[in-house]
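Please keep the sequence and the model open while reading.

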Amino acid sequence: MMNLLKQSAETMLPRRVFGALQIRRERLRLAKISREAFDAKRLGTMTSRSLMQALHSSSISREWLRDEDQLSQVMPFADIDGGICPGERRALYQLVASLKPARVLEIGTHIGASTLAIARSLATHSGPDAHLTTVDIADVNDPAHGAFARLGLDSPRENLARAGLSDRVTFIARPSSEFLRETEDRFDLIFLDGDHAAPAVYREFAQALNCLTPNGAILLHDFYPDGRPLYPNGSIEPGPVVAAERITAECEGIGFLPLGELPWESKQGVRTTSLALATSCLVAVRRGGMQVQ
């Protein structure tokens, strides 16, 4: 019923007005939950310059073009419902290639599009023991629960096997907050792409900080700076940026660095991306309720 009401409102209202209402709703939801503690001492620092170097690296780009051939044979290199778009798969690949993490955690597996890109980059760039743990509340490889079946795709586990990457990934079917709270593992990079509601992102971010190795990184998806649309269809996902507003208000040592324009197309004929890196910052500039480097 709620989804039907949302679809009706989205159809009847101008995109700008509907987006503003979404932001307001998420702020109200987030205001109802208690304050979390944000321990940013293990969060590394990323600057716009170092981020651009990662995305513009000619050597990583050459490796991507080679690996893309294999990946596109395993999963269509297309904008698949609910999966991360093709341009952002490449962005993930290049970031992982640049950071060279030994241990990566992904929250929100879904159809495994980002899982495949991260695993391929780890295998190519991070050494023989580099590993990805991917967590989803559902068993993403079960046809009864995984989204792949209704989309006519192979399961994430089958795709990894076809790519020769099975040993690189561990699947966990468990609520993310429970996993983050109880795991004793530590990760060099954590990709938050699960529940996008502001309260969930806010809590997960606080928990993720405690699961980092020193100088670790946290990457968010569906991050719309200042609640502005990034793509021609005009839609936004308000939760992550609303959570970021409160996080930066409560912890001055944390900022968020949107990737912005990619050197290649992301989707819908544009180069913008909704990926954003959290960064430790001693001096930050506030803009639109957020801290950015």
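Leu105 stands opposite Ile190 in strand E4. The two strands involved, E1 (residues 103–107) and E4, run parallel and are joined by 4 bridges. Strands count as paired if DSSP finds at least two bridges between them. Helices (H or I, at least four residues) and strands (E, at least two) are DSSP runs, numbered from the N terminus.

This is a predicted model: local features need pLDDT of at least 70 and side-chain atom pairs pLDDT 80 or more, while totals for chains, interfaces and linings use all residues. Residues are numbered from 1 along each chain as its sequence is written, and side-chain values use heavy atoms, leaving out hydrogens and water.

**The sheet**

- The sheet is open and mixed, with 7 strands in the order E3-E2-E1-E4-E5-E7-E6.
- Its edge strands are E3 (169–173) and E6, each pairing on one side only.
- From one strand to the next, the twist averages 20°.
- Strands of a sheet pair through backbone hydrogen bonds, either parallel or antiparallel.

**Strands E4 and E5**

- E4 (residues 187–192) pairs with E5 (residues 212–220) in the parallel sense, over 5 bridges.
- Phe191 stands opposite Leu219 in E5.
- Leu192 stands opposite Leu220, also in E5.
- E4 is mostly covered, with 5 of its 6 residues buried. Buried means under 20% relative accessible area, exposed over 50%, and partly exposed in between (1.4 Å probe, protein chains only).

**Strands E6 and E7**

- E6 (residues 254–258) pairs with E7 (residues 276–280) in the antiparallel sense, over 5 bridges.
- The bridge partner of Leu257 in E7 is Leu277.
- E6 is mostly covered: 4 of its 5 residues are buried.

**Helix H3**

- Which residues of H3 (residues 48–56) are buried? They are Leu51, Ala54 and Leu55.
- These residues lie on the same side of H3, because they cover an arc of only 95° around the axis. The arc is that of the directions from the helix axis to the C-beta atoms.
- Their cover includes helix H4 (58–74), helix H5 (86–99), E6 and E7.

**Helices H4 and H5**

- Two packed helices are described by the angle between their axes and the distance between the axes.
- H4 and H5 pack at an angle of about 130°, with their axes 10 Å apart. Axes are lines fitted to C-alpha atoms, for helices over the stretch in contact, and angles run from 0 to 180 degrees between N-to-C directions.
- That angle makes H4 oblique to H5. Angles under 35 degrees count as roughly parallel, over 145 as roughly antiparallel, 65 to 115 as roughly perpendicular and the rest as oblique.
- From H4, the contact is made by Ile60, Ser61, Glu63, Trp64 and Asp67. From H5, Arg89, Arg90, Tyr93, Gln94, Ala97 and Ser98 take part. Contact means heavy atoms within 4.5 Å.

**Glu204**

- Glu204 is in helix H10 (residues 198–209).
- Is Glu204 buried or exposed? Glu204 counts as buried because its relative accessibility is 4%.
- Leaving aside neighbours within four places in sequence, Glu204 is in contact with Ile107, Ser176, Leu180 and Leu192.
- Glu204 and Ser121 are 83 residues apart along the chain, and their C-alpha atoms are separated by 25 Å.
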